[in-house]
Amino acid sequence: MVSEQMYELGTKKSTIRTIFEYGQKRAAEIGAENVFDFSLGNPNVPAPTFIQEAAVDILTHSDPTEVHGYTIAPGKPQVREILAADLKKRFGMELSGKNLFLTAGAAASVTIAFKALAEPGDEFVTIAPFFPEYRVFVEACGGKLVVVPAKTDDFQIDFAALETAITLHTKAVIINSPNNPSGAVYSEETIRRLAELLRAKEQTYGHPIFIIADEPYREIVYDGLTVPCIPLYYDNTIVCYSYSKSFSLPGERIGYIVVPDTAADFSRVYGAMAGAARVLTHVNAPSLWQLVIARCAGKAADLSTYAHNAKLLYEGLTAAGFECMCPQGAFYLFPKALEEDDAAFCARAREFDLLLVPGADFGCPGYFRAAYCVRTEMIERALPHFQELRKTYKEIHG
Ligand code: PLP
C-alpha cells in the first residue's frame, strides 16, 4: 500500500534523532541543566542582527508580491548577480549570476547535484567520516554511495584507498571541508593531490569526474586557516553552499549551487540542475531569504564562540585522557572512543548524562562526535562528567 523504502526512511529514526529525543525525555526527569546534549549540529550562535534588520526592513518596505511571490527557478537574477560578485571578490572565481542556482540549503544543494548528475549505474564516492544523509540522498537519486575509509591520523584523504574506489562508474567525489564530524579542513596539498588524481582518472576513463564540494561550514575555521576554493584547483567542481551555519539560519532553508563556466559541458550541467530541482519539486528558494542574503552579501557573522568552545572542549577532553585531533573548523570534536565499540561507549557516556553520537554513524567506528555548538557554560559543567567517564575506563583497563 505504501512504499516500503519510504516507510523505512520516514519511521526508522536516525541515531542522532534518537539520542536527541532521549535527551528531551531525560531533561524532563532530571532538569535540562543536568543533561549534556552534544548530539545536534544546530547552531547556538543567534543569527546576526544585520540579518534581522534586513529581514524586517524588507518585510516592512518592499512590495509584498515580490517578497512572497514565486521567483524563477534558479532564483532572482539580481540576487544571483550580487552573490556571484561577492564570491568573485572573495575568491577570485570568474563567476556571474548564470553560474548560481539558489536552493533551500545544503541538503537541497547536494541532492539537486546528485539528481542532476546520476545516470543508471553511477557511483558517488565519499570519504569517511561523512554526513550520513549522503547515503539517503544519493540512493534516492538512483546512485550508489561508495565510501573511502577514514585516514584517522589527520582526517585528510587516504589517496591509495581513494584511487581504488574510483572506477569507470564514478560520476563524482563528494567532499566536505570543514568536515562534519571530524573537524578537519582539507589542506591545499590535499586538494592539489585530489585534483591531480581525478584529472588522471578522467583521462583513463574518458569522462568527467566531478567534485561535489559540500561547504556549509566554509566560514567556520580556526587559527587563521584558509579553506581552499576548490574550483580554482579543479575545473569540474560543483560547490554546494548553505547559510544554515554561517548565518545561523538552518530553519529558513537558504543556500546555493555554483556551477563554474569551467565545468565540462557547463550549460548541460546547469540545465540538469534546473531539471533536478524541478522533479524534486524545489520550486524556488524562499523569496524573502533570497532578498535577505543579497542584502547581507559580504557581511560576516561573529562566530568566535565556536573557536572558544572548540578550545575549551578539546583541552578539557585531552587533559582528561581522550585522544583527539585538534579541530580546525566546523563545530564538532571527533575523539577516539574509550573502547572499540563506539555504541557501547556512547551508552556508557549516557550514564553520565553525556549525549554523544557513535562514529559508526559517520562511517568511522571507534570514534564519537561531540557537537560543541552549545552554550559554553554547558561545556564547562560537562567536563567533570567526561573526567568521571574516563575514570571508569581507567578502573577497568588501567
Ligand atoms: N552537509 C553537511 C556536511 C551538514 O553537516 C549539514 C547539516 O548539518 C548539511 C549538509 C545540511 O545543511 P542544510 O541545513 O543547509 O541543509
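The mean positions of the 37 positive and 48 negative charges of the chain lie 2 Å apart. In this count Lys and Arg are positive and Asp and Glu negative, with His and the chain ends left out; each charge is placed at NZ of Lys, CZ of Arg, CG of Asp or CD of Glu. The model is predicted, so local features need pLDDT of at least 70 and side-chain atom pairs pLDDT 80 or more, while totals for chains, interfaces and linings use all residues. Residues are numbered from 1 along each chain as its sequence is written, and side-chain values use heavy atoms, without hydrogens and water.

**Overall form**

- The chain contains 14 helices and twelve strands, which are DSSP runs numbered from the N terminus (helices: H or I, at least four residues; strands: E, at least two).
- The radius of gyration of the chain is 21 Å, close to the 21 Å that the globule rule gives for 398 residues, so the chain is as compact as a globular protein of that length. The radius is taken over C-alpha atoms, and the rule is 2.2 Å times the number of residues to the power 0.38.
- Along the principal axes, the C-alpha atoms fill a box of roughly 65 × 55 × 55 Å.

**Surface and contacts of the chain**

- The accessible surface comes to about 17500 Å², of which carbon and sulfur atoms hold 53%; areas come from the Shrake-Rupley method with a 1.4 Å probe, and for residues only the protein chains shown count as cover.
- Of the 398 residues, 54% are buried (buried: under 20% relative accessible area; exposed: over 50%; partly exposed: in between; 1.4 Å probe, protein chains only).
- Among contacts (heavy atoms within 4.5 Å) between residues at least 6 apart in sequence, 76% join residues at least 24 apart.

- Asn-236 is in the loop between β6 (210-214) and β7 (237-242), and its relative accessibility of 7% makes it buried.
- The side chain of Asn-236 forms a polar contact of 2.7 Å with that of Glu-202, and one of its polar atoms lies 2.7 Å from the backbone nitrogen of Ala-264. A polar contact is a pair of N or O atoms within 3.5 Å; within protein, one must be able to donate a hydrogen and the other to accept it, and residues adjacent in sequence count only if both atoms are side-chain atoms.
- Gln-156, in the loop between β4 (144-148) and α8 (159-165), is buried at 10% relative accessibility. Its side chain reaches the backbone oxygen of Val-185 at 2.9 Å.
- Leu-333 belongs to strand β9 (residues 332-333) and is buried at 1% relative accessibility. Beyond four places in sequence, the residues that Leu-333 touches include Pro-181, Leu-313, Phe-368 and Tyr-372.

**Backbone features**

- Most residues other than glycine have a negative phi, and most peptide bonds are trans.
- A cis peptide bond, with omega about -5°, joins Ala-128 and Pro-129; Pro-129 is in the loop between β3 (123-127) and α7 (133-140).
- Ser-177 and Pro-178 are also joined by a cis peptide bond, with omega about -5°; Pro-178 is in the loop between β5 (170-175) and α9 (188-205).
- Asp-223 has a positive phi near 55°. This residue lies in the loop between β6 and β7 and is exposed, with a relative accessible area of 76%.
- Asp-353 has a positive phi of about 60°. This residue is in the loop between α13 (342-350) and β10 (354-355) and is buried, with a relative accessible area of 9%.
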